[in-house]
Amino acid sequence: MPMYYKFILSILLVISTSISASAKEVIGISTVNDRSIEIFDDNTWSFKSSERKNLDECETLKASVLFCNINQWKALPATGSANHLYQIDDRSYAMFIIETIGSNDGMTQSLAKDMALQYAAEASNTNIENITQHFSTNKVVNDYDYLSFAYSTKIQGMNFTYINNIYIDEMLSVQAFTFSLGEIVTTKQTKLNYTLIDNIIMP
């Protein structure tokens, strides 16, 4: 469990021999951020099917990636390498970099991470060694494998902290970010980041 997430986890063990999801047996239920989840016998979990997204309410991004913008974050014109940009509030933003380059082309999560840090260093006119890295962890959200890592950098005199979540498929790479003003990963940003990746549906 990533240490930057404050999950309110009170497990109510429910043994089931007849319920399965994607050939996985449900062995318990619990709550994460006040939402019900099902715990499977392979140590993974997902939100209960009754809480799944209504695809009609989701926005189609590049390469048929869907984003269910449940909080109506304000869409802004994308700049630079970003495909899609959203303003959450005056200090917080979300951003997508989506490319039709995937594992079949040799792309990996580690390589994408290194490239993101190199870009941050160049934007800050410094070296990667001077980029403050807060954490790097693998996580599974809604059956999607992400490499999530956080780092801070100074751009044109302003401090920004990013949480970048990288997903790689055979023909697809997705970087879904939250970034905020400041030098540390806050509880607020952690929650916003979870809202972001919890509402992405890959093609």
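S92 is located in strand 10, which spans residues 92-99; helices (H or I, at least four residues) and strands (E, at least two) are DSSP runs, numbered from the N terminus. The model is predicted: local features need pLDDT of at least 70 and side-chain atom pairs count only at pLDDT 80 or more, whereas totals for chains, interfaces and linings use all residues. Residues are numbered from 1 along each chain as its sequence is written, and side-chain values use heavy atoms, with hydrogens and water left out.

The protein chain contains two helices and 15 strands. Of its 203 residues, 44% are buried, where buried denotes under 20% relative accessible area, exposed over 50%, and partly exposed the range in between (1.4 Å probe, protein chains only). Among contacts (heavy atoms within 4.5 Å) with a separation of 6 or more, 45% link residues 24 or more positions apart.

S92 has a relative accessible area of 3% and is therefore buried. Leaving aside residues up to four places away in sequence, S92 touches Q87, F179, S180, K188 and L192. Burial extends along the element: six of the eight residues of strand 10 are buried, so the strand is largely enclosed by the rest of the structure.

Strand 10 pairs with strand 9 (residues 84-89) in the antiparallel sense over five bridges; pairing requires that DSSP find at least two bridges between two strands. These two strands form a hairpin with two residues between them, and L85 stands opposite M95 of strand 10. Strand 14 (residues 172-181) also runs antiparallel to strand 10, joined to it by eight bridges. Here, E99 stands opposite S173 of strand 14.
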